[in-house]
Amino acid sequence: MANITPIKTDEIPNGPGAAAILAAGIGSAAMGIFALAGDAFTSLNHFFTFYKPTGGLSGVSTSAVIVWLVAWFVLSRRWSGKNVEMGKVVSVSFALLAVGVLLTFPPVMDLIQGK
Amino acid sequence: MEISFRDLMTVFHGMGFGALFMLAFSAALAELYRMSAPGAASVPSAREHNLLLLYLSVMVVLAWGAVLSGAYIVYPWYRAVVPEGVIDLTDYPKFLLTSSPKTSAWHSLGMEWKEHVAWLAPIAMTMVAYVFAKYGPALAKQKQIRTAVIGFAVVAFVATGVAGAFGAFLNKYAPVRGGAMIEIIAGEQEGQ
């Protein structure tokens, strides 16, 4: 993923696209991980209660969005104007997206927690 | 013809944002593929590119509108705690559902899944819109980026479908109601 190649002047480098895609994967996985953590631990659920009427969902979603935006910002700066190994980035991004989808599915959450 | 304030907000959340977002998907996916697939019949004009970009941007606004209105307007009414001494759970949808084993899974599976998975859609669609804005027709030369964009868009569609379907069912079994009544049309009494 970190292998960077020089770009040809007539093409748009894939770095900015790769940064956006990987960050979306990271944000999705963060959503799943925070949702699971909030469900599994009462203390974390209290921590994630940023807005009382919405409960733990307010902190879980806000934290995931922050992780996504920070990841996007950092990766964009790192990969701006560069070409990266897109195959690896896409594979990792889809894997992270799958983590997000699975960990937001209540039966999987319950299975992990041994409920 | 009248509607309660909470009903109206639920309609804005589900139909105004969620359903419109769902409706927009098929065209967006078809256009994204048509305009960026290698060997496309014609190179899209700047006008076509800008139109799809505007379309995707509106979808991003709808996606964020759906999750934010859901989490911060409708959900607090859904999960409101029953005050002591209250027996009628009609105004407390979460507790109405969990009070019976016949309906509790609508909350433990339906709402618990919906409230989290829905957030994947705006994150994915924001990325899709950004990547299209950045590359446009040049996506034809970026096969892997195109695969990722379409893959994330499909997952966003499925996530929205899950949230929308459970939202509709939840609103049938335990509707979010209450607040001031808003008169939309003054009707006539039958027999007059």
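**Close-up views of salt bridges and the A–B contact**

**View 1. The salt bridge of B:D7 and B:R177 in chain B.** B:D7 is buried, with a relative accessible area of 14%. The model shown in this and the following views is predicted. The partner of B:D7 is B:R177, and the closest N and O atoms of this salt bridge lie 2.9 Å apart. Distant parts of the chain are linked by the pair: B:D7 belongs to helix α1 (residues 5–36) of chain B, whereas B:R177 is in the loop between α6 and β2 (181–183) of chain B, 170 residues apart. B:R177 is partly exposed, at 46% relative accessibility. With a cut-off of under 20% for buried residues, B:D7 at 14% falls into that class.

View 2. The side chains of B:E48 and B:R34 meet at 3.8 Å, N to O. Because B:E48 lies in helix α2 of chain B and B:R34 in helix α1 of chain B, the pair ties together parts that are 14 residues apart in sequence. Both ends are partly exposed: relative accessibility is 32% for B:E48 and 39% for B:R34. B:E31 also belongs here, as salt bridges with shared partners join B:E31, B:R34 and B:E48 into one network.

**View 3. The salt bridge of A:D39 and A:K115 in chain A.** The closest N and O atoms of A:D39 and A:K115 are 3.5 Å apart. The pair links distant parts of the chain, 76 residues apart: A:D39 sits in helix α1 (residues 15–40) of chain A, and A:K115 in the segment after α5 (106–113) of chain A. A:D39 is partly exposed, with a relative accessible area of 29%, while A:K115 is exposed, at 64%. Over all chains, the whole structure has 5 salt bridges.

**View 4. The contact between chain B and chain A.** Chain B contributes 31 residues to the contact and chain A 41 residues. About 3,100 Å² is buried between the two chains, 78% of it from carbon and sulfur atoms. In chain B, the residues that lose the most area to chain A are B:H116, B:I123 and B:F152, together 21% of what that side buries. Between the chains there are 0 salt bridges and 7 residue pairs in polar contact. On the side of chain B that touches chain A, two or more residues each come from α2 (46–78), α4 (104–117), α5 (120–135) and α6 (143–173) of chain B. α5(B) gives the most, with 8 residues. By class, this side has 20 nonpolar, 7 polar and 4 charged residues.

Definitions and conventions
Residues are numbered from 1 along each chain as its sequence is written. Chains are lettered from A and ligands numbered from 1 in the order in which they are written. This is a predicted model: local features need pLDDT of at least 70, side-chain atom pairs count only at pLDDT 80 or more; totals for chains, interfaces and linings use all residues. Side-chain values use heavy atoms; hydrogens and water are left out. Contact means heavy atoms within 4.5 Å. Buried area is the accessible area (1.4 Å probe) that two parts lose on being put together, summed over both. A salt bridge is a side-chain nitrogen of Lys or Arg within 4 Å of a carboxyl oxygen of Asp or Glu. A polar contact is a pair of N or O atoms within 3.5 Å; within protein, one must be able to donate a hydrogen and the other to accept it, and residues adjacent in sequence count only if both atoms are side-chain atoms. Helices (H or I, at least four residues) and strands (E, at least two) are DSSP runs, numbered from the N terminus. Ala, Val, Leu, Ile, Met, Phe, Trp, Tyr, Cys and Pro count as nonpolar, Asp, Glu, Lys and Arg as charged, and the others, Gly among them, as polar. Buried means under 20% relative accessible area, exposed over 50%, partly exposed in between (1.4 Å probe, protein chains only).
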